[in-house]
Amino acid sequence: MSFDNSGYIWFNGKLVKWDEAQIHVLSHVVNYGSSVFEGQRCYKTSDGPACFRMAEHVSRLFDSAKIYRMEIPFTPEEITEGIFSTISANNMDECYIRPLVFRGYNSLGVDPRPCPIDVVIAVWKWGKYLGPEALEKGVSVCVSSWNRMAPNTLPAIAKAGANYMNGQLIKLEAVNNGYAEGIALDVNGFVSEGSGENIFIVRGGKLITPSLCYSILPGITRDSVMQLAREMGIEVVEEGISRGALYIADEVFFTGTAAEITPINSIDKIKIADGMRGPITRKLQDAYFDIIERRVPDRFNWMTAVPVNDNAVVESNVG
């Protein structure tokens with residue numbers, strides 16, 4: 001994935017040229033990681049571009065900011081309109097969407113209150129996060145030596161930039177050892193999540209995933225998969241998963257905005273079942289993509305069409 005810097009970024013309510021969306025090196029976020037963000041996708045459909053679960057993503061952004069006492073200087077409706085404007089200004093028919101809220105430039109110190117709250121929205125083309133063949137063939141992963149944070153250290157339910165330093169350690173260890181991704185355990189040794197994905201296992205026809213108490217992000221794709229599974233009559237259980245349960249699962253897969261629904265074919269070089277994408281994983285994938293690509297009616301109201309906007313105003317600088 002590479003950026004096309006010929007586009008535009010929404011910066012504090014104004015569309016600015018990509019290369020002009022800049023901040024000071026002494027901004028609070030650069031020094032202390034004080035940001036929250038979202039990852040969303042806009043899909044190309046037969047009816048034009050449409051965003052997946054827009055309201056839920058924007059709501060989670062505001063929830064994350066609230067936990068960190070960051071008062072976003074825009075309403076959810078204004079953020080939503082900003083996302084639409086940014087997609088339109090960049091002439092995107094499909095894209096990844098990154099709304100980012102951070103503490104900006106004023107002073108330094110662990111107390112962040114003197115610093116302003118800045119908001120940016122960027123969009124870009126981003127293909128399959130774990131590779132173009134991953135959705136069918138699956139990926140090889142490892143259990144990381146790095147644990148997820150305890151719930152009384154950093155709140156995992158907030159999608160905060162600082163949390164992803166932990167995710168980077170998990171990802172770097174995995175990639176450096178020849179794996180596509182890592183799975184983190186929580187501080188008590190139970191399965192938590194990947195570096196940036198939720199995880200599910202299938203065992204005896206049941207779909208099992210860690211509950212929120214295992215230091216996971218409440219994933220929106222995770223929630224979507226659970227809705228689809230229940231509609232199919234598949235029992236969904238949120239509970240603790242031991243490391244050993246991963247190896248003997250009938251199927252294992254990741255979910256996430258970037259990863260979508262990606263099967264796992266081996267863990268720590270132990271093949272999962274026959275090492276192929278399992279039938280429940282495939283059934284959930286088909287149902288998921290049928291909705292988001294609008295091949296079937298959107299019975300869950302997950303997709304929001306991007307309105308046509310011919311009046312986007314582009315500023316020459318961030319002001």
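The largest nonpolar core has 27 residues, of which C51, I79, I83, I87, I97 and V101 touch the most other members; such a core is a set of buried Ala, Val, Leu, Ile, Met, Phe, Trp, Tyr and Cys residues joined through side-chain atoms within 4.5 Å. At least two residues of this core come from each of α2 (54-67), α3 (76-89), β6 (95-103) and β7 (117-124), and α3 gives the most, with 5 residues. Helices (H or I, at least four residues) and strands (E, at least two) are DSSP runs, numbered from the N terminus. Apart from this core lies another, of 25 residues, among them M226, I291, I292 and W302.

This is a predicted model, in which local features need pLDDT of at least 70 and side-chain atom pairs count only at pLDDT 80 or more, while totals for chains, interfaces and linings use all residues. Residues are numbered from 1 along each chain as its sequence is written, and side-chain values use heavy atoms, with hydrogens and water left out.

If neighbours within four places in sequence are left aside, C51 is in contact (heavy atoms within 4.5 Å) with R41, C42, F84, I87, I97, W302, M303, T304 and V306.

L26 is placed in the loop between β2 (14-17) and α1 (28-32), and its relative accessibility of 39% makes it partly exposed, where buried means under 20% relative accessible area, exposed over 50%, and partly exposed in between (1.4 Å probe, protein chains only).

I23 also lies in the loop between β2 and α1, and it counts as partly exposed because its relative accessible area is 40%. Not counting residues up to four places away in sequence, I23 touches F11, V29, V30 and F102.

Taken as a whole, the protein has 8 helices and 18 strands. Its radius of gyration, 20 Å, is close to the 20 Å that the globule rule gives for 319 residues, so the protein is as compact as a globular protein of that length; the radius is taken over C-alpha atoms, and the rule is 2.2 Å times the number of residues to the power 0.38. Of the 319 residues, 50% count as buried.
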